[in-house]
Amino acid sequence: MKDLAIAMRRLVWLASYPKSGNTWVRLFLDAYSHPERQGLDINAADVSLHAGNRELFDRVIGLEASELTPAEIERYRPDVYRQLAIEADEPLFIKVHDRWRHNADDAPIFPPETTAATIYIVRDPRAVAPSYANHYGVSIDKAIEEMATSDYAVAARSNRLSPQLHQPLGSWSQHVSSWLDQQDLPVLLVRYEDLHAAPEATFGAILQHAGLAVDQARLASALDQSRFDRLRAQEEAVGFKERLSQAPRFFRRGVAGGWRDELTAAQIARIEAVHGQVMARL
């Protein structure tokens, strides 16, 4: 049983509030994990490796999520990830936008026994707001409002079937605190701003935490392939399958501190008033 438990520790959670750099990290890891490829194809990454992917849930559970209540889906979700861990013969990097929580059976949605590592990517909420607004096709004021809503969730509409499952986020502050304060999994905290300021050290720390050997030549190559200007140019040339239809582009600016010329003083004050305590913590 001990050997089975060790073998199940295949999942690496890449957790973040939306628009915090999760996709950038995933594409870097894809480039690093496949040095034999000639270059990074942004549309080759496996989009099913998303914790909220509906098709993944349906395939593993053998039931359609559309026939289940949200509470029933929450009860089954840990089983989805256990099965993924059993099937995996190498580390699986799984994107997560849910906040950390337990289901009605008091079981963690993301089972510790399946987990090789957990990486939480956090970004200044003042920078998240304009990027979030662009991605979801809402105003910046609406984005700020949703980021402050305690019961906010994505894919929450009941009048249409989303390709993603209902994913409770909570507010930006609740999301951050849920992952950093839980006691079930050790977490590597990665700041989006550090990915820009010290890419070799920060991406290298991600590799180490995920249990991957750090090869400096591969690291340099993966960083070069996943440079933001290259990702944006590739999206402009061939499109990007993860871009929502209401967003003009997925890879927008990719800078740290860009909020200074995008937000009004009143918008900055609203964000800081709601999230200032967690911002100071980070």
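A: In this predicted model, helix α2 supplies the largest share of the lining of the second largest pocket, namely five residues. Sorted by class, that lining holds ten nonpolar, six charged and two polar residues. The space within the second largest pocket amounts to about 470 Å³. Its lining consists of 18 residues, and those closest to the pocket centre are D30, S33, H34, P91 and F93. Two elements give two or more residues to the lining: α2 (22-33) and β2 (92-96). Of the residues closest to the centre, D30 and S33 fall within the span of α2, and F93 falls within that of β2.

The helix packing concerns α5 (residues 125-136) and α6 (residues 140-147), whose axes come within 8 Å and cross at roughly 120°. Angles of 65 to 115 degrees count as roughly perpendicular and those over 145 as roughly antiparallel; α5 and α6 are therefore oblique to each other. The handedness of their crossing is right-handed. On the α5 side, the contact is made by P125, V128, A129, P130, Y132 and A133. The α6 side contributes I140, A143, I144, E146 and M147. By class, the residues of this contact comprise ten nonpolar and one charged, with no polar residue.

Note on methods: Residues numbered from 1 in each chain as written. Predicted model: local features only at pLDDT ≥ 70, side-chain atom pairs only at ≥ 80, totals over all residues. Heavy atoms only, no water. Axes fitted to C-alpha atoms, helices over the stretch in contact; angles between N-to-C directions. Helix = DSSP H or I, 4+ residues; strand = E, 2+ residues; numbered from the N terminus. Parallel < 35°, antiparallel > 145°, perpendicular 65-115°, else oblique. Left-handed = near helix turned anticlockwise from the far one by under 90°. Contact = heavy atoms within 4.5 Å. Nonpolar A, V, L, I, M, F, W, Y, C, P; charged D, E, K, R; others polar. 1 Å grid on protein atoms, 1.4 Å probe; cavity = no way out; pocket = protein on both sides within 12 Å on 5 of 7 lines; lining within 4 Å. Points joined across faces, edges and corners; volume = space filled by probe spheres on them.
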